[in-house]
Amino acid sequence: QVQLVESGGGLVQPGGSLRLSCAASGSIFSINAMGWYRQAPGKQRELVAGITKSGSTNYADFVKGRFTISRDNAKSAVYLQMNSLKPEDTAVYYCNVAGTAPYPFNSWGQGTQVTVSS
């Protein structure tokens with residue numbers, strides 16, 4: 001069974017920065033795509049950023065130029081560096097990891113709250 005543990009959320013003022021981390025554990029054979037999603041109250045979960053095994057990245061338009069996704073394959077970890085945070089970035093952020101263990105899996109983290117407020 002693959003488990004994901006997230007950390008790094010919290011309260012930050014507008015314009016501030018946070019770095020989210022997500023580490024996968026278990027009998028993992030390989031990890032393919034990794035990503036971050038977010039869900040604000042009353043809204044659907046939406047993709048924030050994704051990264052492939054080779055390191056190709058994609059971002060939602062609303063975070064381009066402000067957020068950076070990265071991964072450490074040796075640690076089975078994915079990170080989200082969030083800069084120039086805005087109040088509308090307030091949401092629960094979830095990491096998502098897909099791979100084989102050796103069966104195909106697609107797992108979600110428990111979510112971490114990010115609140116941007118003065």
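Select Arg19 and Tyr79: Arg19 sits over the face of the Tyr79 ring, 4.2 Å from the ring centre. A charge counts as over a ring if NZ of Lys or CZ of Arg is within 6 Å of the ring centre and within 35 degrees of the ring normal. The model is predicted, so local features need pLDDT of at least 70 and side-chain atom pairs count only at pLDDT 80 or more, while totals for chains, interfaces and linings use all residues. Residues are numbered from 1 along each chain as its sequence is written, and side-chain values use heavy atoms, with hydrogens and water left out.

Next, select Arg45 and Trp108. Arg45 lies over the face of Trp108, at 4.6 Å from the ring centre.

The structure holds 1 aromatic pair (Phe, Tyr and Trp rings, the six-membered one for Trp, with centres within 6.5 Å; planes under 30 degrees apart are stacked, over 60 edge-to-face, the rest tilted). Tyr37 and Trp108 form this pair, edge-to-face, with 4.9 Å centre to centre and 65° between the planes. Tyr37 belongs to strand S4 (residues 30–39) and Trp108 to strand S10, so the pair ties together parts 71 residues apart in sequence. Strands are DSSP runs (E, at least two residues), numbered from the N terminus.

Now show S10, residues 104–108. Phe105 and Ser107 make up its covered face; Pro104, Asn106 and Trp108 make up the uncovered one.

S9 and S10 run antiparallel, joined by 5 bridges (strands pair if DSSP finds at least two bridges between them). They form a hairpin with 3 residues between them, and Thr100 stands opposite Pro104.

Note on methods: Buried < 20%, exposed > 50% of the residue type's maximum accessible area, 1.4 Å probe, protein only. Helix = DSSP H or I, 4+ residues; strand = E, 2+ residues; numbered from the N terminus.
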